[in-house]
Amino acid sequence: MVTANKEMVVYCFDTLVAHYNGDQPPPPSFEDGHHPLFVTWKKVVNGGEPRLRGCIGSLEARGLINGFRDYALTSALRDRRFPPIEARELPLLECTVSILTDYETANDYLDWEVGKHGIIIEFSDPDYNTRRSATYLPEVASHEGWTQLEAIDSLIRKAGCNSRITDSLRKKIKLTRYQSTLFTMHYGEYVAYVKQTRGEAPSIVGAKLPS
């Protein structure tokens, strides 16, 4: 089974650095394959808790190389919840890559474990009779300190549903659970890795970055 690894995160950083330089990233150092995947960017300010800056991916299988290249940029620059990440923010960033595995249809909306499973919910919005869906990766609920119920209710809102959340609505949810492997690297670790393997630190044209 393919697991998330350091080289995948390095490729995401390489892709973002290359974007700011108007260049192409160096070839990746991992083998291609087809898996659902996500790229998450967080920003660490003054040694505090990392804050989300972008997270986008695919619940369907994608080619790993093209997928990480596409979502490294999409999550950094086009997550509608946040302004695009700027080059000057690079030294404050950490990147996490996730590869999703073990998709299972749950028996009900509580048939999953906090800290183990990511969840996908699908349901009909009672106010608009529209189908809605949303997902949280496995680490989200535990990081937020949520119970299963709190995670479900938050995900209903994330899906765009503003109706009153009732037990009846929850019981109509189709829930798919999944697991993931992930790897996280801070920009400083990326710089050290690039220095060690390529002999020089990454640089941004026209920007002063710590090396």
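Predicted model: local features only at pLDDT ≥ 70, side-chain atom pairs only at ≥ 80, totals over all residues.
Residues are numbered from 1 along each chain as its sequence is written, and side-chain values use heavy atoms, with hydrogens and water left out.

**Stop 1: the sheet**

Colour by secondary structure; helices (H or I, at least four residues) and strands (E, at least two) are DSSP runs, numbered from the N terminus. You'll see six strands in an open sheet, in the order 2-1-3-6-4-5, with antiparallel pairing. Two strands count as paired if DSSP finds at least two bridges between them. Strand 2 (51–63) and strand 5 (130–136) sit at the edges with a single partner strand each, so one side of each has no neighbour in the sheet. On average, neighbouring strands are turned by 25° against each other, direction ignored.

Now select 34–43, which is strand 1. Strand 1 pairs with strand 2 over nine bridges, in the antiparallel sense; look for Leu37 opposite Ser58 in strand 2. Strand 1 also pairs with strand 3, again antiparallel, over seven bridges, and there Lys43 stands opposite Leu93. Move on to strand 3 and strand 6, an antiparallel pair with ten bridges. Pick Val97, and its bridge partner in strand 6 is Phe183.

**Stop 2: helices on the sheet**

Select 148–158. This is helix 4, lying across strand 4 (118–125), strand 5 and strand 6 (174–186), at about 125° to strand 5. Axes here are lines fitted to C-alpha atoms, for helices over the stretch in contact, and angles run from 0 to 180 degrees between N-to-C directions.

**Stop 3: helix 1 and its partners**

Show helix 1 (residues 6–20) with helix 2: their axes come within 9 Å and cross at roughly 55°. The two helices are therefore oblique to each other (under 35 degrees counts as roughly parallel, over 145 as roughly antiparallel, 65 to 115 as roughly perpendicular, the rest as oblique). Contact means heavy atoms within 4.5 Å. By class, this contact has twelve nonpolar residues, two polar and one charged (Ala, Val, Leu, Ile, Met, Phe, Trp, Tyr, Cys and Pro are nonpolar, Asp, Glu, Lys and Arg charged, the others, Gly among them, polar).

Helix 1 packs against helix 6 at about 95°, with the axes 10 Å apart, so the pair is roughly perpendicular. Residues in this contact include Val10, Phe13 and Val17 of helix 1, and Tyr187, Tyr190 and Tyr193 of helix 6.

**Stop 4: a salt bridge**

The structure holds 13 salt bridges, each a side-chain nitrogen of Lys or Arg within 4 Å of a carboxyl oxygen of Asp or Glu. Select Asp111 and Arg177, whose side chains meet at 3.1 Å, N to O. Asp111 is in the loop between strand 3 and strand 4, Arg177 is in strand 6, and they are 66 residues apart.
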